[in-house]
Amino acid sequence: MVEVRAGELVAQLGGELLGDPDKLLRRIDGLETAGPDAISFLANPRLQPLLQTTEAGCLIVQPALRAAVQGRTAAILSDDPYLYYARLSRWWAQRSRTAPAAGVHPSAVVEPGARLHPQASVGAFAFVGRGAVVGAGAVVGPHSHIGADAVIGAGSRIAAQVSIGDGSRLGERCVLQGGAVIGGDGFGFAPAAGRWEKIEQLGAVRIGDDVEIGANTCIDRGALGDTVIGDGVKLDNLIQIGHNVQVGAHTVMAACVGVSGSTRIGAHCIIGGQVGIAGHLRIVDRVQIGAGSKVNRSILEPGRYGGIFPLGAAGTWEKNAVLVSQLAKLRDRIRALENRPD
Amino acid sequence: MVEVRAGELVAQLGGELLGDPDKLLRRIDGLETAGPDAISFLANPRLQPLLQTTEAGCLIVQPALRAAVQGRTAAILSDDPYLYYARLSRWWAQRSRTAPAAGVHPSAVVEPGARLHPQASVGAFAFVGRGAVVGAGAVVGPHSHIGADAVIGAGSRIAAQVSIGDGSRLGERCVLQGGAVIGGDGFGFAPAAGRWEKIEQLGAVRIGDDVEIGANTCIDRGALGDTVIGDGVKLDNLIQIGHNVQVGAHTVMAACVGVSGSTRIGAHCIIGGQVGIAGHLRIVDRVQIGAGSKVNRSILEPGRYGGIFPLGAAGTWEKNAVLVSQLAKLRDRIRALENRPD
Amino acid sequence: MVEVRAGELVAQLGGELLGDPDKLLRRIDGLETAGPDAISFLANPRLQPLLQTTEAGCLIVQPALRAAVQGRTAAILSDDPYLYYARLSRWWAQRSRTAPAAGVHPSAVVEPGARLHPQASVGAFAFVGRGAVVGAGAVVGPHSHIGADAVIGAGSRIAAQVSIGDGSRLGERCVLQGGAVIGGDGFGFAPAAGRWEKIEQLGAVRIGDDVEIGANTCIDRGALGDTVIGDGVKLDNLIQIGHNVQVGAHTVMAACVGVSGSTRIGAHCIIGGQVGIAGHLRIVDRVQIGAGSKVNRSILEPGRYGGIFPLGAAGTWEKNAVLVSQLAKLRDRIRALENRPD
């Protein structure tokens, strides 16, 4: 259990404290559910009315709301309350969670020739192949598989049941959720008389620093050359990244996105959930793509893009879908009307 | 091999037996493929013509079809033949499958402080963390990972390679298929000068009783507070449930659905495959959403909803898609026609 | 490191060699990145201009391009350069990768009654259940789970953390990527008074020869009878194949496809990424379905099909989506215009 005084928090995380520095805080919570022992935050201006009713013992708000929180037991003024909350959450996690101990669990298998930093942690039933390198403070979770000659950068944390293929490289401070498969074979076959002949995938996966990869997400190894994930990229769960894809720095993708082979995505993009991106395309920096959209051409201008069929009640949307199938006829009817003599 | 007389089945599962109680049955099969040693059922009225041709040794039908099965070797009348089949399938599985033995496989790792019921089963290479609780009759499959302080309710069955995160709780009689990841981190980051700072996910996952979770399905832990799956929910494979989502009791989702964070879905909903639901929405009870639809607004009335682009032959649908992109122009042309003087 | 003379390659893989048979090659690479120690290939006619600029030490091209490569250090003429590359990649992989040693890793668990060919390889922490059969040259990867009575055909290679359910059968020379779940329960429930009662899935999965199955792909066991994957089928990552689906020989599916239960897909089909196919449908041989399309009816004629909402800039597509929702009104306005007296 974490227990902290408001004054201590501000000493460590910054901001201006209003009210009682000795106010004891025992949890972080949302505005609506927070009780007197909780610290909460206002990041979304639409939630401002909740400031009147929240029972939170301490509130993180923007300086412009100083007057609104003046009478409270405790409050913290910060230019970016959401970012303050992010840092608070990490401060809290460090204190409330037990870090895995350095060293190798007795049940793990580490092959000869693997190099583990003495401050690395290798969990139960983990496997580290020959020639693999695990950096300082890195955590290889239980049941995880680190292939031969793979590299896990310092401070990277790998959850349970992750697979890092032979020769793939992970930067520093990455976080991999359970079941992620990095470096499976790309999907490459040559047609030959009605059959498909396998193209061995001879590249690997190269992942930058500060990358997060979600649960059961798959990043395939390159056919020739590597699949490359830039620094600071954040991938949610169940994402597919095809072979030789490049994802630029600080791009984020929500869950269930699929990116086909050899597509290059720029930096600082935001890709919504279930987006599909065809192969061999180019998406420039700072492109945002709405959830569920299908991208079948390159996007060469920054901006927001999308395209999904509108949701409707059953009878209505089915009728609209039929009309979409008949649009050419509707267009012809308009044309005929236009050609009518006045 | 299961071998059972028709009379024994009825004694155990109910229904009215017509014909020979000594008729021996050795398998369950569909109407078209069943042979004389098989029991089959008619649930879909459209398949009724198959009653003439099926060779099944015993048929489960509604009482209204008494005359149609009167001459057969054996038949069972039941008000709900499909439900009868469901119960028969479970009866059969109990007899044809070997239940995992109670106890801990010698290769498993159980950390000090875990509490395993003597009637629980822990498979090969399974890991049970400190403080975890595994109830009576629960099965932790091979290679599965039960995090610290997690709870597995009595009678729940976990297949191979499942991960239950620290502090997550599973009710009683749940079934988890292989590769499911429960309690991975939710996808939360705060923007900070062009980078993304991780928000530690301090909540957990709470799963009710009688829940089924499909293979490689992911349910993320809450950011603050828990992600909650109600009693009797059935989730198919490869589904993504974001942090702090709530799924009401007895809702079912087909495979590949994605639900973004903080969305609340009601009870008794039916969500088709590959549906995507945006974050922070509310879907009330008894909503049905057609496969492939994208939901980007709350649904506050029960009923059937959908919206997918109609499938067509290649040339045709591409032309329709172009016309969809030009709908504003078509509308303007209609307007111009309407404004023409008569 | 592989190092091979051009003449040796041709001796082993065929084709007509032009230039220096002693030209040393140390890597395979793309036309744009290849250096003088690399062999490259021209398969896509649109890339032909790169023949002028590529620094590749050896080029695989069609005989029609003999003149264009005549002056180079080395070149190989082949009727199908892409297929030549596929075979070259396999030749290369065989020499650059260490094949897993035959035998059982000391950490693996093999239950009594499993039959392993002496030339099979069983990796670290693998589990092979009672009655399972693993053929000659087959590889069971680390952390993989082979259920009771499952069969792994000769020469099949299973990566890390794969699960093969009890009684499922894999043909010869198959390749399974990490995290695949074969033989999880199909999604079957009978409604009963507002709840869902489980239908035990009594069938299994039967997979032909030369099948590839991608990372985290799921193939469910049949309810009654088996789910069947034909010879030579290639499935990419994160695909869902429902219970009792049949996939015909040499059909390929890109990543994130979902196929609902009991659908029968023909041979030689090509299914794009994120396609969804509803249950109980029939797709004939030689059907191609564009990425992202949703199939809610049977396809009984070979050919190309598709249907996705066109991508657009944010304001534009949203306007188009609204107009799609109002198509019935637009149609009525056209009708009214048509009915106007001239």
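Two strands are said to pair if DSSP finds at least two bridges between them, a rule that is needed for one of the views of this predicted model.

**View 1. Strand 40 of chain A beside strand 39 of chain B.** Two bridges join strand 40 of chain A to strand 39 of chain B, so by the rule of at least two bridges these strands count as a pair. The two strands run antiparallel, and strand 39 of chain B covers residues 303–306. Within this view, A:Ala313 can be found opposite B:Tyr305, a residue of strand 39 of chain B.

**View 2. The side of chain A that touches chain B.** Contacts between the two chains involve 60 residues of chain A and 56 residues of chain B. On the side of chain A, at least two residues each are supplied by helix 4 (81–96), strand 40 (312–313), helix 5 (314–325) and helix 6 (327–339). Which of these elements gives the most? That element is helix 4 of chain A, with eight residues on the side that touches chain B. Sorted by kind, the residues on this side of chain A are 32 nonpolar, 20 polar and eight charged.

**View 3. The domains of chain A.** Chain A is divided into domain 1, which covers residues 4–96, domain 2, which covers residues 103–305, and domain 3, which covers residues 314–342. The centres of domain 1 and domain 3 of chain A, taken over C-alpha atoms, are separated by 57 Å.

**View 4. Chain A as a whole, for orientation among the close-up views.** Chain A contains six helices and 40 strands, and its C-alpha trace spans about 80 × 75 × 35 Å along the principal axes. The radius of gyration of chain A is 26 Å, whereas a compact globule of 342 residues would have a value near 20 Å. Of the 342 residues of chain A, 58% count as buried. Among the contacts in chain A with a separation of 6 or more, 21% are made by residues 24 or more positions apart.

How values were computed
Residues numbered from 1 in each chain as written. Chains lettered and ligands numbered in written order. Predicted model: local features only at pLDDT ≥ 70, side-chain atom pairs only at ≥ 80, totals over all residues. Contact = placed C-beta atoms within 7 Å. Helix = DSSP H or I, 4+ residues; strand = E, 2+ residues; numbered from the N terminus. Nonpolar A, V, L, I, M, F, W, Y, C, P; charged D, E, K, R; others polar. Domains from an automatic or database assignment. Rg over C-alpha atoms; globule rule 2.2 N^0.38 Å. Buried ≥ 20, exposed ≤ 12 C-beta atoms within 10 Å, placed from the backbone.
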